[in-house]
Each structure stands twice: as structure tokens, then as C-alpha cells.
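Hi everyone, thanks for coming. Please have a look at the sequence and the model on the screen, and then we'll walk through a few places together.

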Amino acid sequence: MIENALHSIGLVHPIFLALSYLTLAIIAAWMINTLTVLGPKRWACSRDRQVLCFLLSNVRLPIMVTVVFISISAMLTLQFEIAEHFLLLANRILTTINIIVWGQFIYRGSQFALKYQSSLQEQGSFIKPQTLPLLDNLSAVIIVMVIVYLLFLTWNINMTAWLASAGVIGIAVGFAARDTIANILSGVFIMADSPYKIGDYIIIDGADRGKVTQIGLRSTRILTRDDVEINIPNSVIANGKVVNQSSGRFVSMRMRANVSVSYESDIDLVREILLDIASKEPMVLQDPAPQVRFLGFGASGLNFSLRVWIADPEILTRVLDSLNVQIFKCFAEANIEIPYSKHDLYIKSMPDSLLTTSRPGADKDGV
């Protein structure tokens with residue numbers, strides 16, 4: 001039809017035919033873009049369909065490029081007498097650009113899908129906000145590798161030697177950096193299991209306690225109460241015992257202030273004083289209510305435990321200091337003795353020489 005129309009007006013040169021096909025391809029691409037924007041995309045965005053809206057917004061460019069490039073390839077093949085090697089080179093260039101454009105679309109789609117999935121916060125899902133950076137980088141590496149592989153196939157490059165070299169290099173790097181690889185794998189498992197997150201207070205193997213400031217692939221950093229940052233390899237954390245004081249059903253945590261009183265003390269009065277101290281402490285939560293437990297009979301006193309809830313594990317030592325100060329003062333005012341280690345010396349008998357010299361009025365001869 002196009003050739004007949006051009007023939008009727010005397011424009012039958014291959015260049016005019018090629019320009020006609022290219023113009024039609026551009027018009028078709030423009031219509032696809034316009035219909036996509038005016039129709040499904042506007043409907044998806046108005047209905048808050050995020051996935052569909054993103055897909056329709058970003059797939060337009062790859063489709064338009066593909067339509068135009070197909071028309072160009074058809075023009076070069078049908079309308080012009082070009083040497084085979086030049087035609088092959090042109091098709092490879094067009095295919096390369098097309099692969100890169102579609103690869104960029106797939107990369108953006110993967111980034112959007114990961115962020116969207118992590119925002120859902122599904123229980124037991126591997127895709128979480130803390131694992132998002134790792135998965136972003138992993139997906140980018142995979143997409144780049146696939147694009148490179150397709151480009152190699154497009155340009156008819158043999159990948160056998162490249163793969164063999166990569167395998168040898170991978171084995172050498174694996175032996176040389178096995179500790180680093182162990183830390184990275186442990187970091188992946190930590191991010192997947194999420195035993196803690198940034199801002200949590202954790203205790204590692206009952207020794208190091210601090211606030212998590214950074215979770216990396218190789219190590220985790222915690223900031224202690226002494227304002228000292230500790231960098232701990234992830235393999236150590238993965239194989240050790242980690243206590244997360246910020247985890248649980250609530251952000252708050254329960255703490256204990258233990259004290260002993262003498263056996264002569266009134267245990268009801270002790271319980272009343274401890275509960276009164278907890279009720280007056282502003283850093284102690286009143287819901288759940290403070291509790292006092294009579295733990296047992298010690299070697300030199302009765303053991304009590306004041307158990308209270310605090311809003312943040314960070315203030316644990318501060319609250320414990322305040323409670324201990326008030327316990328000591330209130331017990332002193334109530335004449336309640338806090339037992340401590342005392343040693344009484346009983347002399348069963350005295351040597352005769354000491355008895356003689358210590359007798360009042362005795363002379364040097366003992367008379």
C-alpha cells in the first residue's frame with residue numbers, strides 16, 4: 001500500500017520507502033505510548049495499583065525502542081542492498097541497544113518489586129527492610145551477568161575461556177578469603193533471621209552489651225555504654241549466644257533490684273517499702289505493676305527481689321542506680337539492716353603470761 005501510494009506520486013526511491021516505514025514505526029510507537037498513558041496507566045494510578053502503575057510507566061520506552069528498531073532492521077534488510085557483514089553489524093548494534101534498554105527496565109522492576117515486598121512486612125518473609133540492600137545488590141549482579149551473557153551471544157563471543165578463567169579465579173579467591181566469605185554468609189543469615197535490628201540493645205555471649213549501630217555483610221557494630229564502638233565479625237555472632245533486650249512483644253523490659261535483709265526484719269514492712277520506692281520512681285513503668293518476690297533464705301539474710309518494668313533497655317543501669325540509692329536510704333530510716341560480711345572473734349582462753357602481765361597492780365615479778 002505504501003509503495004503504491006509513493007509510486008503514484010513518483011516517490012519510489014528506496015530512501016523514501018525507508019523513511020515511510022520509519023515514520024509509520026515512530027507513529028505506532030507514539031500511539032502505544034499515548035494509549036498506555038491515557039488508558040490503563042491513568043486507571044491504575046487512580047486506583048492506587050502500585051505494581052501495575054509502575055509497570056505501565058516504565059515499559060513504554062522498551063516497547064517503543066523495540067518497535068522502532070524492528071522497523072529499522074526490516075528497512076535495512078528489504079529496501080537496501082547492503083553487504084552482509086555491514087547488515088550483520090547493524091543488526092548487532094540495534095540488538096545491543098535493545099538488550100541494554102530492556103535490561104534497565106528489568107533492573108528497575110526488580111528494585112521496585114523488592115522494595116514493595118519488603119514494605120509488606122510479611123511474617124517469615126526473607127525480603128525485609130534489613131535484607132533489602134543485600135537483595136538489591138544481588139539482583140543487580142545477576143541482571144548484569146545475564147545482560148553480559150546476552151551481549152556475548154549477540155556478538156558471537158565464545159564464553160568458554162571466560163567461564164574457565166572465572167572458575168579458576170573463584171577457587172583461588174575462595175581459599176584466600178575463606179574467613180571473609182564465612183563472615184559474609186553469616187551476615188546473610190543474620191539479615192534473613194533478623195535476631196536483632198539497628199537500635200536494639202544486645203548482649204553477645206554474656207559479655208559485650210551495647211546498642212546496634214550498623215549491620216554489615218562482614219561485621220556488626222555495637223556501641224557500649226562507655227561510648228566505645230565494638231566491631232564484631234558476623235561469624236562470631238552467628239555461632240554465639242545473642243540476647244536481644246529490645247526484642248519481645250513490647251519494647252519495654254523487666255529488670256530486678258535484689259537486696260538482702262537481716263532475719264530480724266519485718267518482711268511485710270520490707271515488701272511495703274520496696275513497692276513504695278518503685279511507685280515513686282519516675283523511670284519505672286506502673287503498667288505492668290512492680291512486684292516484690294521473697295526469693296529465699298540466705299546464709300546471712302532474707303533475699304528479696306524488686307522487679308519493675310522500664311521503657312527502654314538503655315536506661316537499665318540508671319534505673320538500677322536510683323532504686324539502690326532509695327532502698328539503702330529507706331531501709332536505714334526504717335531501721336532495717338542490710339546484712340554484710342561480719343566476723344566475731346571469741347577467745348576461749350588466754351595464755352598465763354598475758355593474764356599475769358595484764359593483771360592490775362602486778363610488778364615485774366608477778367607479785
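Let me start with a question: does D200 count as buried, partly exposed or exposed? D200 counts as buried, because its relative accessibility is 5%. Here buried means under 20% relative accessible area, exposed means over 50%, and partly exposed is in between, using a 1.4 Å probe and protein chains only.

Before going on, a word about what we are looking at. This is a predicted model, where local features need pLDDT of at least 70 and side-chain atom pairs count only at pLDDT 80 or more, while totals for chains, interfaces and linings use all residues. Residues are numbered from 1 along each chain as its sequence is written, and side-chain values use heavy atoms, with hydrogens and water left out.

Now the overall picture. The protein chain has 12 helices and nine strands; these are DSSP runs, with helices being H or I of at least four residues and strands E of at least two, numbered from the N terminus. The chain has 367 residues, and 32% of them count as buried. Contact means heavy atoms within 4.5 Å. Of the contacts in the chain with a separation of 6 or more, 60% are between residues 24 or more positions apart. The chain exposes about 24,000 Å², and 62% of that comes from carbon and sulfur atoms; accessible areas come from the Shrake-Rupley method with a 1.4 Å probe, and for residues only the protein chains shown count as cover.

Back to D200 and its partner. D200 forms a salt bridge with K197, with the closest N and O atoms 3.3 Å apart. A salt bridge is a side-chain nitrogen of Lys or Arg within 4 Å of a carboxyl oxygen of Asp or Glu. Side chains of opposite charge can pair when their charged atoms come close. K197 counts as partly exposed, at 47% relative accessibility.

How many salt bridges are there by this rule? The count is three. Another one joins the side chains of R225 and E314, at 3.4 Å from N to O. R225 is in the loop between β3 (219–223) and β4 (229–233), and E314 is in the loop between β9 (302–310) and α11, so this pair ties together parts 89 residues apart in sequence. D276 and K280 also meet in a salt bridge, at 3.2 Å. They are four residues apart in helix α10 (residues 267–280), so about one helical turn separates them. D276 is partly exposed at 35%, whereas K280 is exposed at 62%.

Next, helix α6. It covers residues 132–154, 23 residues in total, and reaches 33 Å from its first C-alpha to its last, close to the 33 Å expected at 1.5 Å a residue. That expected span is 1.5 Å times one less than the number of residues. Among its buried residues are L132, I143 and F152. After α6 comes N156, with a positive phi near 55°.

I157 sits in the loop between α6 and α7 (160–176) and counts as partly exposed, at 39%. I157 belongs to a nonpolar surface patch with I82, F86, L89, I93, I97, W155 and W162, with about 740 Å² of accessible area together. Patches take residues with over 30% relative accessible area and no salt bridge, joining like charges within 9 Å and nonpolar side chains (Val, Leu, Ile, Met, Phe, Trp, Tyr) within 5 Å. Helix α5 (residues 84–120) gives the largest share of this patch, four residues.
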